[in-house]
Amino acid sequence: MIRKAEQSDLAAVHALMTAYVTPPWSESATLDAINNERCTFLVDCDGGALNGYVCIETVLGEGCVMSIAVSEDRRLSGLGGALLDAALSAAGAESVYLEVCESNVAAIALYSSRGFRTAGERKKYYGEKSAYIMRKGAGEN
């Protein structure tokens with residue numbers, strides 16, 4: 001079940017982030033995002049387990065996918081797409097952008113399937129690897 005993140009989700013969200021996001025946010029930064037009214041922070045839970053999360057921050061009509069992760073056992077299940085779709089809908093941003101490592105083929109495929117297009121590149125953003133800037137909506141070209 002996808003729902004709005006709550007403070008009680010902090011430990012599980014942070015554990016998932018620590019396992020799959022480099023570098024992970026601190027617990028205090030994660031809690032700040034959960035409590036930030038500009039952030040659409042959603043989680044997926046079933047049977048008491050947190051399976052994934054997504055955070056989109058929206059400022060002046062522009063959204064930024066700040067972080068998204070899905071547990072290993074739920075990958076390729078469509079959960080990442082469902083979380084992203086729900087967050088994009090709830091955020092209501094006119095345009096949304098994100099940065100993704102050039103080697104993260106699965107994430108690039110997910111974002112492309114949701115209408116994101118490569119709009120630029122940040123050289124050596126992730127150490128030796130570059131980040132693609134992907135954008136959806138107004139100003140994507």
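Where does Leu60 lie? Leu60 is placed in the loop between strand 3 and strand 4; helices (H or I, at least four residues) and strands (E, at least two) are DSSP runs numbered from the N terminus. The model is predicted, so local features need pLDDT of at least 70 and side-chain atom pairs count only at pLDDT 80 or more, while totals for chains, interfaces and linings use all residues. Residues are numbered from 1 along each chain as its sequence is written, and side-chain values use heavy atoms, with hydrogens and water left out.

**Backbone features**

Leu60 has a positive phi of about 50° although it is not a glycine. With a relative accessibility of 86%, Leu60 counts as exposed; the classes are buried under 20% relative accessible area, exposed over 50% and partly exposed in between (1.4 Å probe, protein chains only). Leu76, in the loop between strand 4 and helix 3, also has a positive phi, near 65°. Leu76 is exposed, at a relative accessible area of 92%. A cis peptide bond, with omega about -10°, joins Thr22 and Pro23. Pro23 belongs to the loop between helix 1 (10-20) and helix 2 (27-35). Most residues other than glycine have a negative phi, and most peptide bonds are trans.

**Aromatic pairs and a charge over a ring**

Three aromatic pairs are found in a search of the whole structure. Rings of Phe, Tyr and Trp (its six-membered ring) pair if their centres lie within 6.5 Å; planes under 30 degrees apart count as stacked, over 60 as edge-to-face and the rest as tilted. Two of the pairs are tabulated here.

| Pair | Distance between ring centres | Angle between planes | Class |
|---|---|---|---|
| Phe41 and Tyr53 | 5.8 Å | 25° | stacked |
| Tyr111 and Phe116 | 5.9 Å | 65° | edge-to-face |

Because Phe41 lies in strand 2 (residues 39-46) and Tyr53 in strand 3 (residues 49-59), their pair ties together parts that are twelve residues apart in sequence. Phe41 is buried at 2% relative accessibility, and Tyr53 is buried at 0%. In the other tabulated pair, Tyr111 is buried at 6% and Phe116 at 0%.

Elsewhere, the charged end of Arg75 sits over the ring of Tyr20, 4.3 Å from its centre. This requires NZ of Lys or CZ of Arg within 6 Å of the ring centre and within 35 degrees of the ring normal.

**Nonpolar cores**

A nonpolar core is a set of buried Ala, Val, Leu, Ile, Met, Phe, Trp, Tyr and Cys residues joined through side-chain atoms within 4.5 Å. The largest has 22 residues, and Leu84, Tyr111 and Phe116 have the most contacts inside it. Two or more residues each come from strand 3, strand 4 (62-70), helix 3 (79-91), strand 5 (95-101) and helix 4 (105-113). Helix 3 gives the most, with six residues. Apart from neighbours within four places in sequence, Tyr111 is in contact with Ile68, Leu84, Leu98, Val100, Phe116 and Met134, contact being heavy atoms within 4.5 Å. A second, separate core has 15 residues, including Val13, Met17, Val21 and Ala69.

**Cysteines**

The structure holds zero disulfides, a disulfide being a pair of cysteine sulfur atoms within 2.5 Å. Cys39 is in no disulfide, and its nearest cysteine sulfur, that of Cys55, is 4.0 Å away. Cys39 counts as buried at 12% relative accessibility, and Cys55 counts as buried at 0%.
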